[in-house]
Amino acid sequence: MAKKEKSEYLIQAVSHALDLLEQFHGEVDELGVTELSKRLKLHKNNVFRLLATLESRGYIEQNRVTENYRLGLKTLELGQTFIRQMGLLRQSKPVLEALVKECNETTYVAILKEFSIVYLDAVETDLTVRVVPRVGSRLPAYCTAAGKIQIAHMSDEELENYLPTKELKRFTHNTITDRDELKKQLKTIVEQGFAVDDEELDVGVKCVGAPIRDYTRRIIGAVSISGPSMRFSDERMEKELIPLAIKASEEISAKLGFQK
């Protein structure tokens, strides 16, 4: 079978919705249904349905005085997320590279996304035996160092809403599947300022993570160092790897405007 072009997979309604959002640019801050209908070459009823859908999700809002429409706060949030993530990547890359030179283990920067963590970037060690980077992959937050250090700072209510409603899945013998035990460990993580994944996601892999904060003092990500458990002895973790992870996280945080 011939491979289909990506254009063949386009969903027309989604394309129309994006076309509508893109009409609000430059000096254009508000538009009515009639003007949008002319610009998009769509029937007014179709435009109204698009507006109603986007308004329900917060991407569009209506000015109750003029009855015209404008961009909603959700578009601002989305833009800020993009800027924050790009800033995080730009500022963290040289720190990750320097960190690898110091410990010669694979380093990551990761963020929370829904119920998982996503590794945005990684710098590999040159050692033959190493952890394969999972950039772009979604991994459960409750059994990864980069995830635990971020969810540890959630309120009890946020944590209840954040954790899966079903039983926490077991990946290895060390995976914490008891909620009370996990919450107890998360409190300890907050006190000590770092998190450890002791073969909780993958057998034979250990990891240490420390939080990244921005100028608002909010945690927006984490730095982690990962490697084979045979190289991550308790002594090395305590004397070398944990201090390095914390140092790297503080350096990136400072670059993002965080002040102690």
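**Close-up views of a predicted model**

**View 1. A nonpolar surface patch of about 280 Å² is formed by Ile11, Val14 and Leu18.** Such a patch is made of residues with over 30% relative accessible area and no salt bridge, in which nonpolar side chains (Val, Leu, Ile, Met, Phe, Trp, Tyr) are joined within 5 Å, while like charges are joined within 9 Å; a salt bridge is a side-chain nitrogen of Lys or Arg within 4 Å of a carboxyl oxygen of Asp or Glu. Accessible areas come from the Shrake-Rupley method with a 1.4 Å probe, and for residues only the protein chains shown count as cover. Leu18 lies in helix 1 (residues 12-21), helices being DSSP runs (H or I) of at least four residues, and strands runs (E) of at least two, numbered from the N terminus. Leu18 counts as partly exposed because its relative accessibility is 45%, a class between buried (under 20%) and exposed (over 50%).

This is a predicted model, in which local features need pLDDT of at least 70 and side-chain atom pairs count only at pLDDT 80 or more, whereas totals for chains, interfaces and linings use all residues. Residues are numbered from 1 along each chain as its sequence is written, and side-chain values use heavy atoms, leaving out hydrogens and water.

**View 2. Met154 sits in the loop between helix 5 (145-151) and helix 6 (156-162).** Not counting residues up to four places away in sequence, Met154 touches Leu112, Leu159 and Tyr162, where contact means heavy atoms within 4.5 Å.

**View 3. Met154 and Ile219 are 65 residues apart along the chain.** Their C-alpha atoms are separated by 9.9 Å, within a protein chain that has 8 helices and 8 strands.

Conventions:
Buried means under 20% relative accessible area, exposed over 50%, partly exposed in between (1.4 Å probe, protein chains only).
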